[in-house]
Amino acid sequence: MIELRTPAQIEQMRPAGRFVAEVLTRLSEAADVGVNLLDLDRLAHDMIRERGAESCYIDYHPSFGAMPFGHVLCTSVNDAVLHGLPHDYTLRDGDLVSLDFAASVDGWVSDSAVSMVVGTPREQDLRLIAVAEDALAAGIGAAQVGNRLGDISFAIGNVAREHGLGINLQFGGHGVGRTMHGDPHVSNDGRPHRGFPLKPGLVIAIEPWFLQTTDEIYIDSDGWTIKSADGSRGAHAEHTIAITEDGPVILTARA
Ligand code: MG
């Protein structure tokens, strides 16, 4: 069921969005060559405790997960692109890292992700990250009252196609509210003018993710981490947004 939030509820959702943005900003600063993924997870956990927030991930156990996630942050490195389970890995020069973080503050969830390269970047990695960011911006740009859900999906898919990237549709965006994953599913490709009419009060996470040379994935033996089938690298970008009469509001905007 698709739920719409009142303007007052959207205001109540802002602290969660701000907190998630703060955590990702802090983690992006901390992520560097020589830093362990478990340290990034610990840092996020400390910030959750200090803020009195609640993790959306730690007890998360959907049908596709082998066990409860057990961490508060997704750390996807290089050929990992989604749901990366933090593990004892020290970041190396040139690693492409995606950090995905969701938390609940005052009973409302926000969800956001950012990708970056630590150390010396490869040109093609920066390009892939830029395409994911551009696709996110295009999706947000299409999140206008009067459009339909398919317009967001189409806008995302178009950016990928322009860059010759394949699009895997197994994971995409979602409604956000009291819990992390609600209706509607926000596909990363679709047909324009189709689907649910976008209305004021719809709060969704939009999250394009792409792989360099494939659209096929597999789940790592850790039971969680989604990796590219051919070992090529992936990038992921995500914001939680509220659709309003005045246009989309990015709740997880970073300063
Ligand atoms: Mg997320």
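Guide: Let's start with H83, which sits in the loop between β3 (80-82) and β4 (96-105); strands are DSSP runs of E with at least two residues, helices are DSSP runs of H or I with at least four, and both are numbered from the N terminus. Residues are numbered from 1 along each chain as its sequence is written, and the model is a predicted one, in which local features need pLDDT of at least 70, side-chain atom pairs count only at pLDDT 80 or more, and totals for chains, interfaces and linings use all residues. Side-chain values use heavy atoms, leaving out hydrogens and water.

The backbone at H83 has a positive phi of about 55°, although this residue is not a glycine. H83 also belongs to the lining of the largest pocket, where Y60, H83, H174, H181 and E207 lie nearest the centre among 23 lining residues. A pocket here is an open set of points on a 1 Å grid over the protein atoms alone, where a 1.4 Å probe fits and protein lies on both sides within 12 Å along at least five of seven lines; a lining residue has an atom within 4 Å of a point.

How much space lies in the largest pocket? About 360 Å³, where a volume is the space filled by probe spheres set on the points, and points are joined across faces, edges and corners. Two elements, β6 (173-175) and β7 (182-186), each give two or more residues to its lining. Strand β7 gives the most, with 4 residues. That strand holds P184, and a cis peptide bond, with omega about 0°, joins D183 to P184.

The lining of the largest pocket divides into 10 nonpolar, 8 polar and 5 charged residues. In this scheme Ala, Val, Leu, Ile, Met, Phe, Trp, Tyr, Cys and Pro are nonpolar, Asp, Glu, Lys and Arg are charged, and the others, Gly among them, are polar.

The second largest pocket holds about 180 Å³ of space. It is lined by 13 residues, with V77, D79, A80, H87 and K227 closest to its centre. Strand β2 (residues 74-77) gives the largest share of this lining, 3 residues. By class, the lining of the second largest pocket has 4 nonpolar, 5 polar and 4 charged residues.

Now for a pair of helices. The axes of α3 (residues 123-141) and α4 (residues 149-162) come within 8 Å and cross at roughly 155°; axes are lines fitted to C-alpha atoms over the stretch in contact, with angles running from 0 to 180 degrees between N-to-C directions. That angle makes α3 roughly antiparallel to α4, a term for angles over 145 degrees. In α3, V131, D134, A135, A138 and G139 meet I152, A155, I156 and V159 of α4, where contact means heavy atoms within 4.5 Å. This contact has 7 nonpolar, 1 polar and 1 charged residues.

Methods
Angles under 35 degrees count as roughly parallel, over 145 as roughly antiparallel, 65 to 115 as roughly perpendicular and the rest as oblique.
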